Amino acid sequence: FVVSYPVAPISALVIPALFGPSRYTAPAAVAVSIAIMLLVRAPHAPAAAAAALIGLTDPGVGYLLEPLMPALVVVIATPLLGGRFLPAFNYPASWR
């Protein structure tokens, strides 16, 4: 998640920037983002869904700064803090 969710939107932003947003660029953005996620060995289905929305709407580079990065901070920090301060909550279970 930590690797794949930023990688997918960054790679997906290239397709609608080149060809414009459409129902054809959405699957192309998904294909590119899945290929890159597989290369970095971090597939994540919701990240591919975000790539599809990027292909349909072309939100621009500002999408990376707001709302993507603040959402990533919240989603990653919440379980890490919970694992640190709640005695019965063990997160992460392991780091590979």
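Reader: In which hand does H3 pass H4 in their crossing?

Author: Right-handed. Bear in mind that this is a predicted model.

Reader: How do H3 and H4 pack, by angle and axis distance?

Author: H3 and H4 pack at an angle of about 145 degrees, with their axes 7 Å apart.

Reader: Which residues make that contact?

Author: From H3 come Thr25, Ala26, Ala29, Val30, Ser33, Ile34 and Met37. From H4 come Ala47, Ala48, Ala51, Ala52, Gly55 and Leu56. By class, the contact of H3 with H4 has 10 nonpolar, 3 polar and no charged residues.

Reader: What makes Ser33 buried or exposed?

Author: Its relative accessible area is 0%. Buried means under 20%, so Ser33 is buried.

Reader: Where does Ser33 lie, and what is it in contact with?

Author: Ser33 lies in helix H3, residues 25-39. Leaving aside neighbours within four places in sequence, Ser33 is in contact with Ala8, Ser11, Ala48 and Ala51.

Reader: Why are H1 and H4 called roughly parallel?

Author: Helix H1 (residues 4-12) and helix H4 (residues 45-57) pack at an angle of about 20 degrees. Angles under 35 degrees count as roughly parallel, so H1 and H4 get that name. Their axes are 9 Å apart. The crossing of H1 and H4 is right-handed.

Reader: Which residues of H1 and H4 meet?

Author: Ser4, Tyr5, Ala8, Pro9 and Ala12 in H1 meet Pro46, Ala47, Ala50, Ala51 and Ile54 in H4. The contact of H1 with H4 divides into 9 nonpolar, 1 polar and no charged residues.

Reader: Which residues make the contact of H1 with H3, and how do they divide by class?

Author: H1 gives Ser4, Val7, Ala8, Ser11 and Ala12, while H3 gives Ala29, Val32, Ser33, Ile36 and Met37. By class there are 7 nonpolar, 3 polar and no charged residues.

Reader: What makes H1 mostly covered?

Author: In H1, 7 of its 9 residues are buried. They are Ser4, Tyr5, Pro6, Ala8, Pro9, Ser11 and Ala12.

Reader: Which helices do the buried residues of H1 pack against?

Author: They pack against helix H2 (14-19), H3, H4 and helix H5 (62-85).

Reader: How many helices and strands does the protein have?

Author: It has 5 helices and 0 strands. From the N terminus on, the elements run α-α-α-α-α.

Reader: What share of the protein's residues is buried?

Author: Buried residues make up 31% of the 96 residues. The accessible surface of the protein comes to about 6,300 Å², and 72% of that belongs to carbon and sulfur atoms.

Reader: What box do the C-alpha atoms fill?

Author: Along the principal axes, the box is roughly 50 × 25 × 15 Å. Among contacts between residues at least 6 apart in sequence, 65% join residues at least 24 apart.

Conventions:
Residues numbered from 1 in each chain as written. Predicted model: local features only at pLDDT ≥ 70, side-chain atom pairs only at ≥ 80, totals over all residues. Heavy atoms only, no water. Helix = DSSP H or I, 4+ residues; strand = E, 2+ residues; numbered from the N terminus. Buried < 20%, exposed > 50% of the residue type's maximum accessible area, 1.4 Å probe, protein only. Contact = heavy atoms within 4.5 Å. Areas by Shrake-Rupley, 256 points an atom, 1.4 Å probe, with all protein chains shown as cover. Axes fitted to C-alpha atoms, helices over the stretch in contact; angles between N-to-C directions. Parallel < 35°, antiparallel > 145°, perpendicular 65-115°, else oblique. Left-handed = near helix turned anticlockwise from the far one by under 90°. Nonpolar A, V, L, I, M, F, W, Y, C, P; charged D, E, K, R; others polar.
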